[in-house]
Amino acid sequence: MAKKKNVSASDTNPVNDKIVGLEVHKEDSSNELMTTNQGVRINDDQNSLKAGSRGATLLEDFILREKITHFDHERIPERIVHARGSAAHGVFQVYKSLAKYTRASFLTDPDKVTPVFVRFSTVAGSRGSTDLARDVRGFAVKFYTDEGNFDLVGNNMPVFFIQDAIKFPDLVHAVKPEPDNEMPQAASAHDTFWDFISLMPESTHMIMWLMSDRAIPRSYRMMEGFGVHTFRLVNEKGEAHFVKFHWKPLLGVHSVAWDEAQNISGKDPDFHRRDLWEAIESGNYPEWELGVQIVPEADEHKFEFDLLDPTKIIPEEIVPVERIGKLTLNRNPDNFFAETEQVAFHVGNIVPGIDFTNDPLLQGRLFSYTDTQLIRLGGPNFHEIPINRPVAPIHNNQRDGYMRQTINRGKTSYSPNSLGGGCPFQAKALEGGFASYAEKVDARKVRERSPSFMDHFSQARLFYNSQSEPEKNHIVDALRFELGKVETVSVRERMLVILAHVDNGLANEVAHGLGLSIPKTLNGHLNQSIPADADPQSYQPIVKEGSLARSESLSMTGTIKDSIRTRKIAILAADGVHEPSLTLVREALENEGAIVEVIAPKLGKIIAENGAEIAVSKTFLTGASVFYDAVYVPSGINSVATLSAEPAAVHFLNEAFKHCKAIAADADALQMLQQTYFVKKLPEDKSEKTALREGIILHDNTKKLASTFIQAIALHRFWDREKNRKVPA
Ligand code: HDD
């Protein structure tokens, strides 16, 4: 049990109870002889057993049969949603005891280091689809606490599309590739998705998030996570508080541009997977703080939205997020299938001190996750798969079933029993036994939606109004793109009506791009999700203004922008480069924790002006500007001349400009920039202020260039560049 600090998050070879537990299941073939699954040594793995060297293969070849049979069964069904994912091991540690709110041991003992396994994912695409799809990202954390597994199965957006789990299959059918032709892959930009959304106004708030840049993160390491639902924390005395869980990345929240995302999807569909893997391999352990918004039970009805409605946030201005602990990912899995693919999360995996609420989306999820693992992992013993085992011991009377691993001893597998001495004993609350929060329930059974769930637009508007100008433009562009791909005009029009309920300006801009105008009246009701015998009026959205005009934390503008740690920077160079400049800038960047790669016309080495040899990381064929956060062109007459004549190098710069990245060049490298289309936009003065406004750093003093460049990269992107929207590359 992980009671004491047996690991520090920054250990290079971290070991914790879960890692030790996994160890016994590991196999390593180094220096071993090959065997069958029965342990028989194999003498020839190249040829099947035949009747003569040109004869038919013999059925008795048990080596061939075993190998092919296993191969034929190597695939399991992919997850119906969140099929595409990447995961890592890590640890969680709380800063100070939360005993006031919860009895969960991993939240009350600051000395306790709890092993975790975290899986990030996209939602709609298949296992092999691109990481850079416009989509929600899953953020699922399995805490192997000493009181059992707690799974926080969240997303990188704090709200959801629907309010009731009964609509989940409809939502997923609508967003998945269309059933007749299985198109498009990993994309919501198609008719069925928007048809459904346009009939379900409750999805409007989530749509704002999905159309924002949050849906195209720069890295899993640079996105927030949210538990979405309101949960309960329950303390030793049985007192409960409502809680919303947040993950706050220590590298800030950053996204790529949509055009960049589409480019990356072609050039490296594994971009996020690779980024996570490489960060951990290089010791740049991703970190998040766990935040909680806590609401006393007595305040349940004090808000202008319903705490049980998963399409609503609690604005941080109303209930601040308290940061209570840190998650560090410090170890890559050894085997993708065994760990990342077979991990089974379940929002219903809770521990004493944490409990559910009546959020109808959460309630439905409580059924779905076990059910899906039964088909996906093939039986009721998936909890025995090494990655799913708790570090807490398991003792109960469950037995047998497909692939049972545990060899339960003794005669009794029932309770009560006397033959087994009554074992295993039920645990009293004082012994850590889970007791559900005794919420009072006094109600009629009905299929209804509470009127308190019917305000679908005020928080969508709050989100939109909280965005910066560039962020708003991106939402308009995203909607024009998505609805532009929709072929049915009536669907587009219905969406315009929904958008007009959020913001007229937004709806008009989208309409303009679609060559439509916002319909004056809608044929039918806004909400088409109405029970047959209900009064349609009682299901229509309540259109009202929220009391908050803006909420800072909804925009990415104010996120952390003071570090270039783990950012990837390209240096464009060729033979004849001025080595001292290159080295000075490279070292300055690396000292700040950035990853620097030299891109040249060919692989191998380049010979600098002073004869120094510089190793090349990528060529213009294998590297592309979309893989980097910024680019630097050092001086050196021959190098600059070669690059200026290289269309791929010029394209590299043009594209970096288009995607609003920091670009630095030695004054002597100006010839190179003169080949670009943005030459006319080069800043006239070389002051630091201008450089940090424009994101273009031209300097004859390389030291000054380096320091300004570092500040510029930390700013992430210079979105204002998009004001002039003519940005070909
Ligand atoms: Fe779900 C997977 C997150 C609503 C049914 N969900 C899944 C995963 C995440 C989420 C992160 C991937 C876990 C992993 O990496 O293995 N899901 C959410 C969030 C939701 C949500 C944040 C709303 C707040 N989900 C939701 C509903 C249902 C499901 C309403 C069904 C009623 N989700 C599933 C599932 C999946 C799943 C079908 C697919 C694979 C799996 O569970 O293990 O059961």
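Which residues in α12 meet which residues in α13? This report on a predicted model starts with that helix pair.

## The α12 and α13 pair

From α12 come R492, L496, L499, A500 and V502. They meet N504, L506, A507, V510, A511 and L514 in α13. By class, this contact holds nine nonpolar residues, one polar and one charged.

Helix α12 covers residues 489-502, and helix α13 covers residues 504-514. Their axes come within 6 Å and cross at roughly 155 degrees. Angles over 145 degrees count as roughly antiparallel, so α12 is roughly antiparallel to α13.

## Two domains

The domain assignment gives two domains. Domain 1 is made of three segments: 85-191, 206-294 and 327-388. Domain 2 is one segment, 568-723.

The centres of domain 1 and domain 2, taken over C-alpha atoms, are 37 Å apart. Eight residues from domain 1 and seven residues from domain 2 take part in the contact. On the domain 1 side, four of the residues are charged, two are polar and two are nonpolar.

## The annotated span

The unreviewed UniProt entry lists residues 35-423 as "domain: Catalase core". In the model, this span is 20% helix and 19% strand.

## Around the ligand

The ligand is surrounded by 27 residues. The closest are R79, H82, R119, G138 and S368. Sorted by class, the shell has 14 nonpolar, ten polar and three charged residues.

Which elements each supply at least two residues of this shell? They are the strands β2 (114-122), β3 (137-145) and β4 (148-155), together with the helix α9 (360-376). Helix α9 gives the most, with six residues.

## Backbone details

Most residues other than glycine have a negative phi, and most peptide bonds are trans. The cases below depart from that pattern.

The loop between α3 (168-175) and α4 (191-198) holds P184. A cis peptide bond joins M183 to P184, with omega about -10 degrees. A186 is also placed in the loop between α3 and α4. Its phi is near 50 degrees, a positive value in a residue other than glycine.

Where is P424 placed? P424 sits in the loop between α9 and α10 (458-465). A cis peptide bond joins C423 and P424. Omega for this bond is about -10 degrees. C423 is also the end of the span that UniProt lists, residues 35-423.

Conventions:
Residues are numbered from 1 along each chain as its sequence is written. This is a predicted model: local features need pLDDT of at least 70, side-chain atom pairs count only at pLDDT 80 or more; totals for chains, interfaces and linings use all residues. Domain bounds come from an automatic or database domain assignment. Two residues are in contact if their C-beta atoms, placed from the backbone, lie within 7 Å. Ala, Val, Leu, Ile, Met, Phe, Trp, Tyr, Cys and Pro count as nonpolar, Asp, Glu, Lys and Arg as charged, and the others, Gly among them, as polar. Axes are lines fitted to C-alpha atoms, for helices over the stretch in contact, and angles run from 0 to 180 degrees between N-to-C directions. Helices (H or I, at least four residues) and strands (E, at least two) are DSSP runs, numbered from the N terminus. Angles under 35 degrees count as roughly parallel, over 145 as roughly antiparallel, 65 to 115 as roughly perpendicular and the rest as oblique. UniProt positions are given in the numbering used here, feature names are shortened, and annotations may be inferred rather than shown by experiment. A residue is near a molecule or strand if its C-beta atom, placed from the backbone, lies within 6 Å of it.
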